[in-house]
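Subject: Handing over a structure, with notes

Dear colleague,

I am passing on to you the structure shown here, and below it I have set out what was found in it. Please read the notes with the structure open beside them.

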Amino acid sequence: MLRKIIIGIVALVVIVVGGLWAAATFFLDSATIAQQVKKEVASRYNRELVFNGELRTNFFPKIQIVLPETSLSFEGRKDPQFMLENASVGVAVIPLLSGNIQFDEVIINGLRGSVNVKRIAQKTNESKTQPTAKVAEDKTTEESFIKTLEVAGVEVTNAAFNVYGVQGDKVYTISGMNLKTGALGLKGTTPISFNANFSEKTQSVSGSLSVSTTAAYDLESLDVQLSDLKTTLKYNQNKDSVQASLETPSVKYVKSDVEINNAKASLSMGSGLSAQLS
C-alpha cells in the first residue's frame, strides 16, 4: 500500500513536470504556468492555491520548480490549511525519458498547517473498503512506467502543525520540526535525523523529541532496519518534568515482526530520580 502511494505521488510529479516541459516548448512563461496549476487544483481538489510571489521554473538540463511563499486552502473554503515559506524540487530530463526518475534534493522550508487526524483516519478506512479492480494490471503498469526512483535527499526545516481530532477538542501543537535524510529510492539505506517540539495548552503539556538513525528499507516488502538508533524524549507537565532516552544498535521490522537488540534506556525525573535499563 505504501509503495503504491509513493509511486502514485511520483507519477503525479512526473505528469506535472512533463506538463511543464510541454508548456516550455510552447514558450509559456511562469505566470501562465502558475495560473494553470491554480485552475487544476481548484477543479480537481476544490481548494484554492495562492502563490505570494513568482513561481520560478527551469527546463534543462533538469525540470526545476521553485515555489515562493505558498498557501493551500481547506477543501471548499478560502482560508489556508497549509502554508510554506519556500520550496524547490528538480527532476533530470534525460533519465526521465527512459523511466528513470532522478530528483534533486527536495527542500521545504517553513511548512505550516492544520491536520485533522480523525478525518484522515476516516478517509483511510473508506479507501480500504472501496473495490480495487484491475490491481494486477495497475501493478504491471506502475512497474513498467518507473524503472528506478532516486531522490538526492529530503530536507524539511522549521515546520509547524496544529493537530486535532486525537483527543476530544484538544489541539496539539508541533513546532520547530526539522527532518533530513540522505539519498532515497524504492529500497536502500539512508541516514535520518528528526527533531520537533510539542505542546498542549489545556493540559500544560510541553516537550521535545529527537531521533537519529540509519534506515535500511525496502518499499516492496515494507521491511525496515534501523541501525544506531538514538532517541530522546523530554516531557513537561505543570511543574513536573521527565526525560527518557533509548539507544540500540539495531531495530528490525520484518514481515510484521519487531526485533530490538541490546537496547539501553534511561529515565530521569525533575525530582532527581533516575534509572537505567539495558
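Is S204 buried, exposed or partly exposed? S204 is partly exposed, since its relative accessible area is 38% (buried means under 20% relative accessible area and exposed over 50%, with partly exposed in between, for a 1.4 Å probe and protein chains only).

Before going further, please note that this is a predicted model, in which local features need pLDDT of at least 70 and side-chain atom pairs count only at pLDDT 80 or more, while totals for chains, interfaces and linings use all residues. Residues are numbered from 1 along each chain as its sequence is written, and side-chain values use heavy atoms, with hydrogens and water left out.

Confidence

The mean pLDDT of the protein (pLDDT being the predictor's confidence in each residue, from 0 to 100) is 82, and 79% of the residues reach 70 or more. Over residues 133-137 the pLDDT is below 50, and this stretch has 1 contact in the model beyond near neighbours in sequence, where contact means heavy atoms within 4.5 Å. Residues 139-144 also have pLDDT under 50, and for them the model has 4 contacts beyond four places in sequence.

Strands and their hairpin

Strands here are DSSP runs of E with at least two residues, and helices are runs of H or I with at least four, numbered from the N terminus; two strands pair if DSSP finds at least two bridges between them. Strand β12 (residues 172-181) pairs with strand β14 (residues 187-200) in the antiparallel sense over 7 bridges, and S175 stands opposite N197 in β14. The pairing of β14 with β15 is also antiparallel, over 14 bridges, and K187 has D218 in β15 as its bridge partner.

S204 lies in the loop between β14 and β15, a hairpin with 4 residues between the strands, and there S204 takes a positive phi near 55°. Most residues other than glycine have a negative phi. N262, in the loop between β18 (257-261) and β19 (264-269), is likewise a residue other than glycine with a positive phi, near 50°, and N262 counts as exposed at 65% relative accessibility.

Within strand β15 (residues 205-218) lies S210, which is partly exposed with a relative accessible area of 31%. Not counting residues up to four places away in sequence, S210 touches F194, N195, K230, T231 and T232. P249, found in strand β17 (residues 240-254), is partly exposed at 40% relative accessible area; its C-alpha atom is separated by 5.2 Å from that of S227, 22 residues apart along the chain.

Cores and rings

A nonpolar core is a set of buried Ala, Val, Leu, Ile, Met, Phe, Trp, Tyr and Cys residues joined through side-chain atoms within 4.5 Å. The largest has 11 residues in all, including I63, V91, F103 and Y217, and the elements giving two or more residues to this core are α3 (93-97), β7 (100-103) and β10 (148-151). Another core, of 10 residues, lies apart from it, with A87, V156, A159 and A196 among them.

Finally, the charged end of R77 sits over the ring of F74, 4.2 Å from its centre (the rule asks for NZ of Lys or CZ of Arg within 6 Å of the ring centre and within 35 degrees of the ring normal).

With best wishes
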